Amino acid sequence: QVRLVESGVGRVQVGGSLRLTCPASGRSFRFYSTGWFLQATGKECEFVAAIDWRSGTAYYASFTKGRFTISRDNAETVYLLMNDLEPKDTAVYSCAAGQQPTTLGDDYSYWGQGTRVTVSS
C-alpha cells in the first residue's frame, strides 16, 4: 500500500514560482514511478509530468514548456517545481504512483488527495 499527501503554498502571482511536495509512505513506494496531474474546474484530468523510478528519466506535457521540473528525493518524496506560472495553470494538482511513468491517469494505482493552486494576476 502506498499513501501520498500533497502540500504546497496554494496561491501565487503571475510569473511566480511554487514547489509542490508529495511525501509517500509505504515500503514499496521506491519501486513505483510517480506522476503529477492537474484538473482545472470543469475540465478533464490532465497529465503534467512523470518520473521513472528505475532510471530517473522525467517526462513532461508540452504545455509545461520547460517551466516545470519533477524530481524525487531519496525515492520517498516527489516534488513539482513550477516556474513562470500563468493563470491557466490554476487547478487542483495531484500526485500519483504507478508501475510505469505514463501520461494516463488510469495507469496509476495510488493517488493523493490533491492540492489547489491558484495563479492570480
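**Exercise 1. State how far apart the mean positions of the positive and negative charges lie.**

Step 1: Lys and Arg count as positive, Asp and Glu as negative, while His and the chain ends are not counted. Step 2: Each charge is placed at NZ of Lys, CZ of Arg, CG of Asp or CD of Glu. Step 3: For the 12 positive and 11 negative charges of the protein, the mean positions are 4 Å apart.

The model is predicted: local features need pLDDT of at least 70, side-chain atom pairs count only at pLDDT 80 or more, and totals for chains, interfaces and linings use all residues. Residues are numbered from 1 along each chain as its sequence is written, and side-chain values use heavy atoms, leaving out hydrogens and water.

**Exercise 2. Describe the largest nonpolar core.**

Step 1: Such a core is a set of buried Ala, Val, Leu, Ile, Met, Phe, Trp, Tyr and Cys residues joined through side-chain atoms within 4.5 Å; buried means under 20% relative accessible area (1.4 Å probe, protein chains only). Step 2: Buried residues make up 46% of the 121 residues. Step 3: The largest core has 35 residues, and Leu4, Trp36, Val48, Leu80, Met82 and Tyr93 have the most contacts inside it. Step 4: Among the strands that each supply at least two residues of this core are strand 4 (33-39), strand 8 (77-82) and strand 9 (91-98).

**Exercise 3. Find what share of contacts joins residues 24 or more positions apart.**

Step 1: Contact means heavy atoms within 4.5 Å. Step 2: Of the contacts with a separation of 6 or more, 57% are between residues 24 or more positions apart.

Key: Buried < 20%, exposed > 50% of the residue type's maximum accessible area, 1.4 Å probe, protein only. Helix = DSSP H or I, 4+ residues; strand = E, 2+ residues; numbered from the N terminus.
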